[in-house]
Amino acid sequence: MAEKHKSIKSGATAEAVSKAPAAAKAVQASSRSGQTGGSGQAAQAGRAGNDGKRCGFIAVIGAPNAGKSTLVNALVGARVSIVTHKVQTTRTAIRGIAIEGKAQLIFIDTPGIFMPRRRLDRAMVDTAWSSASDGDIILLLIDAGKGIEPDSERILTRLADLRCPRLLAINKIDKVEKERLLTLTQQVSQRVAFDEIFMVSALTGDGVGDLKRHLAASAPPGPWHYGEDDLSDLPERLLAAEVTREKIFLRLHDELPYAITVETSGWKDFKDGSVRIEQTIFVERDSQKQIVLGKGGRSIKQISMEARKDLAGIIGRRVHLFLFVKVREHWSDDPERYREMGLDFPKR
Ligand SMILES: Nc1nc2c(ncn2[C@@H]2O[C@H](COP(=O)(O)OP(=O)(O)OP(=O)(O)O)[C@@H](O)[C@H]2O)c(=O)[nH]1
Ligand SMILES: [Mg+2]
């Protein structure tokens with residue numbers, strides 16, 4: 001896709017959004033590769049640069065549904081990553097950017113880590129681990145209600161061998177008794193020596209401020225990587241596809257959400273500030289297409305209406321959204337679909 005990469009701006013006008021500087025992932029990646037390793041930078045975190053600026057990359061990892069995207073959105077103060085009650089909502093690494101004092105914090109929201117079965121699962125889990133190695137700090141999130149279930153168990157085993165600053169946030173504390181938190185903290189500490197442990201509720205915001213201040217104080221000294229108004233480096237086309245996928249996840253059940261992918265296939269800006277967006281929803285079978293469409297097209301109309309409203313609010317423009325459903329039996333084995341999602345294509 002040739003669409004320009006833009007940053008989402010907080011409260012920006014349509015014009016400002018369209019003039020936002022390009023912030024393509026590739027550019028950010030190459031600027032990072034010229035630096036010293038993540039943990040080396042964090043080791044110098046006691047000294048800020050001459051102007052006192054700090055900049056840190058924080059990889060947020062955890063089991064599916066732990067609340068990673070909710071937490072990243074809370075830390076950024078804007079919706080940069082989609083959230084649903086279903087597992088495996090996030091499929092690719094998404095950067096959310098926040099400022100705290102003189103520190104710029106770049107949060108990398110990642111797909112949940114679980115035992116992969118399909119090729120897409122593998123791509124998601126590989127992305128999560130490679131994002132973890134991109135971070136100056138790894139922030140593991142554990143759902144307080146679930147405790148150390150098998151997915152978190154495996155993550156802890158792998159984290160125990162990594163030599164980089166590691167923080168733990170126990171999330172969803174609004175749902176559990178205090179005693180349970182104590183026991184869980186002890187259990188986790190026996191497995192991995194975390195630098196700090198935080199108790200948070202990404203949903204209510206409880207503890208999120210403390211976590212953010214700690215991250216700002218421990219971010220490595222250095223210049224900011226993004227502009228001060230940037231909230232995300234997600235291209236608008238991808239963001240638009242994510243919003244539609246969120247509505248599908250919320251509306252459709254069982255295996256169906258996992259059998260679809262959404263791509264933005266057309267984007268036309270109009271002089272009046274509005275935008276025409278065309279998207280393709282790929283499904284694997286005709287029966288799935290019928291469910292996505294619903295009786296008399298009712299389901300797709302609802303999805304389209306919700307996505308359009310939501311997207312208009314996020315990008316601050318009037319949106320004309322057109323959705324098309326296509327059966328592509330083997331889309332999840334097609335490298336092109338992975339490129340569109342920003343994922344590497346696993347060999348098997
Ligand atoms: N009660 C409660 N629910 C939460 C909290 N944080 C997240 N949730 C809910 O947990 C569910 C999953 O949240 P997500 O942010 O999508 O979780 P995730 O870890 O990004 O999930 P994946 O992308 O699938 O790996 C949603 O229904 C959230 O509303 C919290 O602090 N308290
Ligand atoms: Mg997520």
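Me: In which sense do strand 5 and strand 6 pair, and over how many bridges?
Reply: Two strands pair if DSSP finds at least two bridges between them. Helices (H or I, at least four residues) and strands (E, at least two) are themselves DSSP runs, numbered from the N terminus. Here strand 5 and strand 6 pair in the parallel sense, over six bridges. Isoleucine 142 stands opposite isoleucine 170 in strand 6.

Me: What should I know about the model itself and its numbering?
Reply: This is a predicted model, in which local features need pLDDT of at least 70 and side-chain atom pairs count only at pLDDT 80 or more, while totals for chains, interfaces and linings use all residues. Residues are numbered from 1 along each chain as its sequence is written, and chains are lettered from A and ligands numbered from 1 in the order in which they are written.

Me: What is the average pLDDT of the chain, and where does pLDDT stay under 50?
Reply: pLDDT is the predictor's confidence in each residue, from 0 to 100. The chain averages 88, and 86% of the residues score at least 70. The value stays under 50 over residues 1-7 and over residues 9-46. Two residues are in contact if their C-beta atoms, placed from the backbone, lie within 7 Å; beyond four places in sequence, the model has 20 contacts for residues 1-7 and 56 for residues 9-46.

Me: How many residues of strand 6 are buried, and which way do they point?
Reply: A residue is buried if 20 or more other C-beta atoms lie within 10 Å of its own, exposed if 12 or fewer, and partly exposed in between, with C-beta atoms placed from the backbone. In strand 6 (residues 166-171), six of six residues are buried. Arg166, Leu168 and Ile170 point one way, whereas Leu167, Ala169 and Asn171 point the other way. Across the chain, buried residues make up 42% of the 348 residues.

Me: Why is helix 4 described as largely enclosed?
Reply: Nine of the nine residues of helix 4 are buried, so the rest of the structure largely encloses it. Among them are Lys68, Ser69 and Thr70. Just after helix 4, glycine 77 takes a positive phi of about 80°.

Me: Which residues come nearest to ligand 1, and which helix gives the largest share of the shell?
Reply: A residue is near a molecule if its C-beta atom, placed from the backbone, lies within 6 Å of it. Of the 24 residues around ligand 1, Gly67, Ser69, Thr90, Gly112 and Leu203 come nearest. Helix 4 (residues 68-76) supplies the largest share, three residues.

Me: What span does helix 5 reach, and what covers its buried residues?
Reply: The expected span of a helix is 1.5 Å times one less than its number of residues. Helix 5 (residues 119-134) has 16 residues and reaches 23 Å from its first C-alpha to its last, close to the expected 22 Å. Its buried residues include Leu120, Met124 and Ala128. Their cover includes strand 2 (54-62), strand 4 (103-109), strand 5 (137-143) and helix 12 (335-341).

Me: Is asparagine 65 buried or exposed?
Reply: Asparagine 65 counts as buried because it has 21 C-beta neighbours inside 10 Å. It lies in the loop between strand 2 and helix 4, and has a positive phi of about 75° although it is not a glycine.
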